[in-house]
Amino acid sequence: KNARVGMGKTVVVPDDVATLGDALDACDPGDTIVLKQGTYADADRLRLEDVRVEGEDREQTILKCSLELHGAVSLTNLCLQSRGHSTVSMGSSCDAEIRNCIVEGTSNAVWCGGGSTGSKSLFVDCRVGGTSARNSSWGFFIFGKGDHYCRVEHCEIVHCNSAVCTSRNNEVDLESCELSKNAKAIDVGGSSKVTLSDCRLVSNAVALLCAHGATLRAIDVDLEANEHDWGSKLPQGFEFETGLPAKAAGKLS
């Protein structure tokens with residue numbers, strides 16, 4: 001964990017200040033903001049930089065706001081909901097850690113795009129996706145100029161147009177995750193790379209898509225009750241384990 005986060009003072013909302021925006025104004029780099037249970041909808045967008053934000057309970061601490069992350073940022077025990085924009089956006093060189101959060105979006109739940117480059121993010125024990133079955137939301141939409149790295153562990157990604165969609169020179173690793181009820185679970189494009197390890201892809205319209213020039217590696221991946229396990233775009237040379245059609249074995253394109 002980046003030592004810059006959580007080493008300063010603690011500001012409690014609403015005890016010390018009324019809103020998250022007020023708390024951010026009162027914070028210095030490395031401070032911690034604690035949000036008590038409630039719904040916070042005082043701003044459409046907020047910029048978070050070098051700060052830790054903790055909720056009391058991820059089901060009951062609801063933040064209805066788009067967050068743009070810069071520097072070292074940690075988010076814990078929160079329900080994050082956007083109002084028409086990307087819910088969480090990674091700025092250039094961002095180093096983010098998101099744990100035990102619900103991240104919902106009507107556009108993109110997690111976005112690395114535009115001109116941003118070089119972000120790093122870690123998601124652990126989160127539920128990420130849309131708000132209704134196979135809606136217009138993307139779960140992880142990694143389309144920035146390049147060199148974004150995202151690691152996703154023990155997460156559930158549901159109800160998305162694409163659960164994970166990548167392009168350019170970006171990389172996503174998923175470990176022990178479940179991707180279910182999405183139009184597309186994995187869609188790898190450009191020269192990007194996606195690695196799945198010990199994951200379940202369940203009840204998706206299409207489980208795996210990978211364009212030529214991109215890399216998809218799947219290790220101990222269960223494919224269950226998908227309408228199509230393999231899309232029309234699979235890299236030349238991609239193989240699944242002989243005799244085990246429900247498991248994809250680690251094979252680079």
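1. Basis. The model is predicted: local features need pLDDT of at least 70, side-chain atom pairs count only at pLDDT 80 or more, and totals for chains, interfaces and linings use all residues. Residues are numbered from 1 along each chain as its sequence is written, and side-chain values use heavy atoms, with hydrogens and water left out.

2. Thr 76. This residue belongs to strand β6, residues 66–76. Strands are DSSP runs of E with at least two residues, numbered from the N terminus. Thr 76 has a relative accessible area of 12%, so Thr 76 is buried (under 20%; exposed is over 50%, partly exposed in between; 1.4 Å probe, protein chains only).

3. Contacts of Thr 76. Contact means heavy atoms within 4.5 Å. Neighbours within four places in sequence aside, Thr 76 touches Arg 52, Val 53, Glu 54, Gly 55, Arg 99 and Cys 101.

4. Aromatic pairs. The whole structure holds 4 of them. Rings of Phe, Tyr and Trp (its six-membered ring) pair if their centres lie within 6.5 Å; planes under 30 degrees apart are stacked, over 60 edge-to-face, the rest tilted. Trp 138 and Phe 141 make a tilted pair, 5.4 Å centre to centre with 55° between the planes. Phe 141 also pairs with Phe 143: the centres are 4.5 Å apart and the planes at 15°, so this pair is stacked.

5. Ring pairs join Trp 111, Trp 138, Phe 141 and Phe 143 into a cluster. Phe 141 is buried at 15% relative accessible area. Trp 138 is partly exposed at 24%, and Phe 143 is partly exposed at 28%.

Methods:
Helices (H or I, at least four residues) and strands (E, at least two) are DSSP runs, numbered from the N terminus.
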